[in-house]
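Here's a quick tour for anyone opening this structure for the first time. Have a look at it, then read on.

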Amino acid sequence: MNLQLGVTGQKVLAEKGTKVLFQVASSSRDHITASFTVSADGSIATPRIVFKGVRNTAAVHLKDLAKDGRTGEWKLCVTEKGYVTSETFIDILQDLVMKLELDNIPRPVIVFLDGASPHISLAMAEYCRSQNIQPWLLKPNSTHLLKPLDLTFFKVLKTKLKQLCLAWQQDLRHIGASLTKYTVVPILREAAEEVLEKSPGTISSGFRRAGFYPWNPAAVDQA
């Protein structure tokens with residue numbers, strides 16, 4: 001999930017006939033990528049945040065980021081453009097393996113993924129084979145129907161994140177401040193924790209709507 005900073009679509013109230021409206025918002029055009037790996041039972045592996053840069057200074061800026069709750073300790077990394085790379089995807093798979101071992105989940109397991117270029121590499125195939133993981137590549141032009149996270153969790157998460165970001169901006173303690181790639185991460189974490197706590201069936205319903213679990217090839221036609 002890509003989060004673009006400095007972009008807002010908020011509505012404002014103004015006197016009728018006003019031609020120019022101003023809204024104080026972040027002037028940053030930076031972005032971060034948030035990677036979530038989830039299971040059909042509603043559980044979640046360690047989320048990973050990808051920042052744009054060369055040196056990983058996020059650990060310093062986010063040293064007080066909470067490490068408890070349903071999402072646990074988030075991983076922070078950097079890439080040149082701030083997006084997941086083939087190397088970063090291996091790290092994400094390693095996060096998944098840690099989750100499998102921690103929860104004593106037997107393998108093999110299936111990982112559903114789209115055809116984005118960072119997801120497809122010889123290194124990925126070899127790692128999955130060594131860890132008894134079966135990648136399941138979704139067909140092109142079908143991800144809007146078959147990606148469980150896009151069907152439910154991300155929609156709810158983005159709505160909650162928008163609400164919390166607005167509340168942050170309206171907080172008197174943040175007058176004159178702008179959301180940055182570092183200040184938005186704790187808010188994103190809070191949003192994820194709140195969604196998982198108050199809507200625990202959100203993730204599972206995405207797998208059900210995609211027809212993956214329980215297995216139902218006709219689920220898309222029934223949606």
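Which residue in E2 is the bridge partner of Gln 4? It's His 31. Keep in mind that this is a predicted model.

- Four strands make up an open sheet in the order E1-E2-E3-E4, and the pairing is mixed.
- At the edges you'll find E1 and E4 (75–79), each of which pairs on one side only.
- Going from one strand to the next, the twist averages 25°.
- E1 and E2 (residues 31–35) run antiparallel and are joined by 3 bridges.
- Besides the Gln 4 and His 31 pair, Leu 3 has Ile 32 as its bridge partner in E2.
- On to the next neighbour: E2 and E3 also run antiparallel, with 4 bridges between them.
- Within that pairing, Ala 34 stands opposite Ile 49 in E3.
- Helix H2 (residues 86–102) lies across E2, E3 (48–52) and E4, and its direction is at about 160° to E3.

**A closer look at E2**

- Is E2 enclosed or open? With 5 of its 5 residues buried, E2 is largely enclosed by the rest of the structure.
- His 31, Thr 33 and Ser 35 point one way from E2, while Ile 32 and Ala 34 point the other way.
- Residues on both of those sides are buried.

- Asn 2 belongs to strand E1, which covers residues 2–4.
- How accessible is Asn 2? Its relative accessible area is 35%, so it counts as partly exposed; to be called buried, a residue must be under 20%.
- Leaving aside residues up to four places away in sequence, Asn 2 touches His 31, Ile 32, Thr 33 and Tyr 83.
- With Ile 32 there's a polar detail too: a polar atom of the Asn 2 side chain lies 3.4 Å from the backbone oxygen of Ile 32.
- For a sense of scale, Asn 2 and Thr 71 are 69 residues apart along the chain, and their C-alpha atoms are separated by 18 Å.

**Ser 39, in a loop**

- Follow the chain between E2 and E3 and you'll come to Ser 39, which sits in the loop there.
- Ser 39 has a relative accessibility of 30%, so it counts as partly exposed.
- Its side chain makes a polar contact of 3.0 Å with the side chain of Asp 41.
- Not counting residues up to four places away in sequence, Ser 39 touches Ile 203 and Phe 207.
- Ala 66 is 27 residues from Ser 39 in sequence, and the two are 22 Å apart in space, C-alpha to C-alpha.

**The largest pocket**

- The largest pocket holds about 1200 Å³ of space.
- It's lined by 40 residues, and the closest to its centre are Phe 36, Thr 37, Val 38, Val 111 and Phe 112.
- The elements that give two or more residues to this lining are E2, H2, strand E5 (109–113) and helix H5 (148–170).
- Which element gives the largest share of the lining? That's H2, with 6 residues.

- Most peptide bonds are trans, and most residues other than glycine have a negative phi. The residues below depart from that pattern in one way or the other.
- The bond from Arg 107 to Pro 108 is cis, with omega near 20°, and Pro 108 is in the loop between H2 and E5.
- Tyr 213 and Pro 214 are also joined by a cis peptide bond, with omega about -5°; Pro 214 lies in the loop between helix H7 (202–210) and helix H8 (219–222).
- Asn 104 isn't a glycine, yet its phi is positive, near 55°.
- You'll find Asn 104 in the loop between H2 and E5, and at 66% relative accessibility it counts as exposed.
- Asn 141 has a positive phi as well, about 65°.
- Asn 141 is in the loop between strand E6 (133–137) and helix H4 (143–146), and its relative accessible area of 74% makes it exposed.

Methods
Residues numbered from 1 in each chain as written. Predicted model: local features only at pLDDT ≥ 70, side-chain atom pairs only at ≥ 80, totals over all residues. Heavy atoms only, no water. Buried < 20%, exposed > 50% of the residue type's maximum accessible area, 1.4 Å probe, protein only. Contact = heavy atoms within 4.5 Å. Polar contact = N/O pair within 3.5 Å; in protein donor to acceptor, adjacent residues only side chain to side chain. Pairing = 2+ DSSP bridges. Axes fitted to C-alpha atoms, helices over the stretch in contact; angles between N-to-C directions. 1 Å grid on protein atoms, 1.4 Å probe; cavity = no way out; pocket = protein on both sides within 12 Å on 5 of 7 lines; lining within 4 Å. Points joined across faces, edges and corners; volume = space filled by probe spheres on them.
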